[in-house]
Amino acid sequence: MRELFDAELNLTDTPMDRAALEAAVRRADVLVPTITDTVDASLIESAGEQLKMIANFGAGVDHIDVEAAVGRGLIVTNTPGVLTEDTADLAMALILAVSRRIVEGAQVVAEGRFEGWTPTWMTGRKLWGKRLGIVGMGRIGQALARRAKAFGMQVHYHNRKPVPDMVAEELGATWWDDLDQMLARMDIISLNCPATKETHHLLSAERLARLQPHALLINTARGELIDESALADAVARRAIAGIGLDVYEHEPAIHPGLLGHANVVLLPHLGSATLEARQDMGDRVITNIMTFQNGHRPPDRVIPAML
Ligand SMILES: NC(=O)C1=CN([C@@H]2O[C@H](COP(=O)(O)OP(=O)(O)OC[C@H]3O[C@@H](n4cnc5c(N)ncnc54)[C@H](O)[C@@H]3O)[C@@H](O)[C@H]2O)C=CC1
Ligand SMILES: O=CC(=O)O
């Protein structure tokens, strides 16, 4: 960034505080936030005339008021695609971890409690032939579907509209127009849609109650998609068989009711956390800025209609 632009960098690897963000939008032509920097309407309003672009380092843009930004004539971009395979890997890892009790098993060994194989001890659930319901069949949803197919799972999905026939055929994926009906019939649910006004608490207490008692719930998208208190309540009532989460409603805080359960695997927002993805995300930010600077439409433009 310093080679290419007159860049001021936040080298602390932590979110910028409000004062730093306000100072940045008053001075800069381009703001490069990460997914933990809140870029709300009042911050955008306080920006100077010279601010032209918000080039986000990350795929999710729920921390940016895109409508306010675009309303003010700003270009908003993100970094999709380059983190798709890594995030899908993590979703698949959570599916495996929860269904095959991998974290629990590793703890048994680490604590010296392994006393030998027995016929009934630590039995998990088979993946082959199970029904996976993906909510949000975009880039990551489809990448997860490819993995699930390779594991012999039946792929189902709910999306705002069906994917093209060719994609559905390749994935052997069945579209459900009605989310409630899909939830009630799946063995595993994976959330892969963005956090928007429409998807806030998409899995409400009522929808969680639709899941079958043996169902597993995986979320690598955004915590706001689930009513976390209702989920903790479902865990306490043993109304759900297992959970794998990478993201949380009030991140980095986690509902205490989700902690300390053998059937709940919790990761610290690691979806895109590979060195390769993070470098590619940085390259993507630069490509977006340079394309815009050269007078063209940046490849990863985000507009409110997409959300
Ligand atoms: N855990 C992590 O580190 C990461 C999390 N993410 C999250 O994953 C999300 C998805 O990423 P991509 O697959 O790249 O996005 P994408 O835009 O390619 O796919 C999102 C899909 O969700 C669908 N969708 C939107 N609203 C919906 C609704 N109300 N009901 C059903 N489907 C709906 C869209 O039609 C689209 O098909 C991001 O928005 C981000 O929040 C992304 C990268 C890493
Ligand atoms: O959660 C990560 C992202 O890039 O979005």
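Which residues does Val135 touch, not counting residues up to four places away in sequence? In this predicted model, Val135 touches His158, Leu179, Met182, Ile189, Ser190, Leu191, Asn192, Cys193 and Leu202. Here, contact means heavy atoms within 4.5 Å.

Residues are numbered from 1 along each chain as its sequence is written, while chains are lettered from A and ligands numbered from 1 in the order in which they are written. Because the model is predicted, local features need pLDDT of at least 70, side-chain atom pairs count only at pLDDT 80 or more, and totals for chains, interfaces and linings use all residues, while side-chain values use heavy atoms, leaving out hydrogens and water.

**The nonpolar cores**

Val135 belongs to the largest nonpolar core, which has 29 residues. Such a core is a set of buried Ala, Val, Leu, Ile, Met, Phe, Trp, Tyr and Cys residues joined through side-chain atoms within 4.5 Å, where buried means under 20% relative accessible area (1.4 Å probe, protein chains only). Along with Ile189, Leu191, Leu217, Ile226, Leu231 and Ile240, Val135 touches the most other members. Two or more residues each come from α8 (179-185), β7 (188-191), α10 (228-236) and β9 (242-245). The largest share, 5 residues, is given by α10. Helices (H or I, at least four residues) and strands (E, at least two) are DSSP runs, numbered from the N terminus. A second, separate core has 26 residues, including Ala91, Leu94, Met137 and Ala173. In soluble globular proteins, nonpolar side chains tend to be buried together.

**The two ligands**

Around ligand 1 there are 24 residues, and the closest are Arg139, Ile140, Asn159, Thr220 and Asp246. A residue counts here if one of its heavy atoms lies within 4 Å of the ligand. The table lists polar contacts, meaning pairs of N or O atoms within 3.5 Å.

| Residue and part | Ligand atom | Distance |
|---|---|---|
| Asn159 side chain | ligand 1, oxygen | 2.9 Å |
| Arg160 side chain | ligand 1, oxygen | 3.2 Å |
| Glu198 side chain | ligand 1, nitrogen | 3.1 Å |
| Ala59 backbone | ligand 2, oxygen | 2.7 Å |
| Arg222 side chain | ligand 2, oxygen | 2.7 Å |
| His269 side chain | ligand 2, oxygen | 2.6 Å |

Taken alone, ligand 2 exposes 190 Å², and the protein buries 88% of that. These areas come from the Shrake-Rupley method with a 1.4 Å probe.

Key:
Buried means under 20% relative accessible area, exposed over 50%, partly exposed in between (1.4 Å probe, protein chains only). A polar contact is a pair of N or O atoms within 3.5 Å; within protein, one must be able to donate a hydrogen and the other to accept it, and residues adjacent in sequence count only if both atoms are side-chain atoms.
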